[in-house]
Amino acid sequence: MEKYLVPLNPSPVTHKRLPSHGWKRSLIELNGRFEPKYRHHLSALLMQSYSEIGAFSHFYHVNGVPCQTHLNRIDSVANMDSPVPITRQGISALEFDTKGVYLVSVTKSGCLTVHDFESLYCHTNALLQCLKEDESKHVLHLSLNRQLDVVRWNLSNQDEVLRTRRTVTVHGSEVHKGLTDIAFTTVDKSRLIASDTNGVINLWDRRMGVLPSIELTTNCRSTINSIQLNVENQLVFGAGRHGIIYMWDLRGGRASAAFQSHKEVCHPPVTYWKLASMLEKIGTLKAQSAIVPKEVHSIDFDPSCPYQLAFHLDDGWSGVLDIYNFQVTHVHCPPPAWLNDSNISADLLYLRKPSWLPTYSVYVVGSSSANGIHLLDFYPDPSSPCHVDYSEEDVERHSGLGNQKQNKFVPLSEAVTACATHPINGTIIAGTKHSSLTVVSQRKQSISGGSHFIQK
């Protein structure tokens with residue numbers, strides 16, 4: 001019994017303590033949450049686990065007849081010398097609903113398809129001899145015979161037709177005119193925002209009529225490719241042709257003042273950022289690359305870090321604009337497309353639309369020079385390998401986890417134009433230039449009895 005007792009005056013002899021590396025899992029169990037640094041550590045393992053597990057060509061039918069996207073793909077393969085114009089092929093946009101139950105896709109050929117995600121995912125079973133999606137499981141498939149560039153889930157859940165105040169007719173020209181992106185406010189289902197090819201962002205209050213009540217204007221009439229609302233639904237961001245990101249404040253000095261007006265009102269941007277000028281401030285980047293203004297294909301807020309606004313440029317570069325400090329904090333510059341003999345002139349006809357993973361600050365973007373996607377670590381800290389202040393020596397010295405953080409390239413069977421990530425489990429759906437859907441996730445492994453599980 002005495003050997004378990006502690007004497008009142010312990011022996012002065014001290015023993016050298018072994019170095020402690022910390023019990024990360026125990027801390028999680030005690031605190032009941034993931035620490036940000038530990039979550040970042042896990043993101044490196046998650047990124048390495050992704051691979052292509054299924055691909056589905058758009059060989060679908062409408063009323064027993066091949067749809068327009070189906071016909072265009074067949075014609076392109078059959079007539080290799082004179083293929084269908086590239087502007088009529090490819091997935092333009094993808095989006096999950098908020099619960100991840102349904103996935104909607106649109107094509108340049110004019111097809112809108114709503115997929116049941118669970119059914120789509122189950123068809124990636126590696127034991128199946130033919131990875132062909134069951135058309136009977138489609139929730140909706142429309143072939144509209146006109147180019148579709150963007151798709152969003154309508155929060156008000158109703159059918160409607162809205163118009164802009166500006167109409168453009170271009171005779172003898174193939175320049176595309178119309179709306180380019182759509183966004184909904186989360187505070188009021190009656191309000192809708194859409195950008196157009198005239199450098200204007202239109203704001204509708206659908207209770208007031210079919211015409212926009214507000215126009216947010218730029219100093220030029222070039223296309224705005226992408227728009228985003230900040231998390232408070234008070235700031236609107238838009239970017240496009242000239243490599244500039246604009247910002248408008250909807251409050252106008254009072255909360256939601258702009259939306260309260262029932263008259264047509266034009267509002268210039270509060271401020272704007274020229275990305276080329278901001279990139280030139282990064283000394284190490286300027287020393288290695290000639291930085292010129294590039295078209296912005298897409299902007300998108302990080303769902304796990306609301307001040308990180310990601311941007312993607314037509315030369316394949318991606319980065320993060322910190323809207324609190326007004327500076328570029330992350331940059332990813334893949335090799336130029338011409339190194340891989342990519343058809344640059346054809347690639348310019350596609351607007352690549354990336355997506356964020358729902359957590360971990362990982363940005364998913366289609367490659368501009370190869371068949372595949374980049375998983376980019378845009379964690380809001382210098383420990384991110386894409387951070388402009390990243391230092392391998394500092395990371396290894398302070399993290400104690402080793403230099404495990406790196407970006408991941410996932411090779412796929414076709415070139416990617418658009419990405420969407422499941423809001424809950426992080427499965428990636430990639431739309432391709434040939435209008436296929438590619439499923440990217442963790443590979444399934446068989447166990448006794450023929451059942452399957454997924455390693456997360």
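This is a predicted model: local features need pLDDT of at least 70, side-chain atom pairs count only at pLDDT 80 or more; totals for chains, interfaces and linings use all residues.
Biologist: Thanks! Turning to the open sheet of four strands, which strands stand at the edges?

Modeller: The order in this sheet is 4-5-6-7, and the pairing is antiparallel. From one strand to the next, the twist averages 15°. Two strands have a single partner each, so one side of each is left without a neighbour in the sheet: strand 4 (91–96) and strand 7 (140–143).

Biologist: What is the bridge partner of Cys111 in strand 7?

Modeller: Strand 6 covers residues 111–116 and runs antiparallel to strand 7, with four bridges joining the two. For Cys111, the bridge partner in strand 7 is Ser143.

Biologist: Which elements give two or more residues to the lining of the largest cavity?

Modeller: That cavity has a volume of about 60 Å³. Its lining has 13 residues, and Ser222, Thr223, Gly240, Arg241 and Tyr246 lie nearest the centre. The elements you are asking for are strand 13 (235–240) and strand 14 (244–249).

Biologist: And how many charged residues are in the lining of the second largest cavity?

Modeller: This cavity has a volume of about 30 Å³. Among the residues lining it are Arg73, Arg88 and Lys433. The lining divides into no nonpolar residues, seven polar and, to give your number, three charged.

Conventions:
Residues are numbered from 1 along each chain as its sequence is written. Side-chain values use heavy atoms; hydrogens and water are left out. Two strands pair if DSSP finds at least two bridges between them. Axes are lines fitted to C-alpha atoms, for helices over the stretch in contact, and angles run from 0 to 180 degrees between N-to-C directions. On a 1 Å grid over the protein atoms alone, a cavity is a set of points where a 1.4 Å probe fits but cannot get out, and a pocket is an open set with protein on both sides within 12 Å along at least five of seven lines; lining residues have an atom within 4 Å of a point. Grid points are joined across faces, edges and corners, and a volume is the space filled by probe spheres set on the points. Ala, Val, Leu, Ile, Met, Phe, Trp, Tyr, Cys and Pro count as nonpolar, Asp, Glu, Lys and Arg as charged, and the others, Gly among them, as polar.
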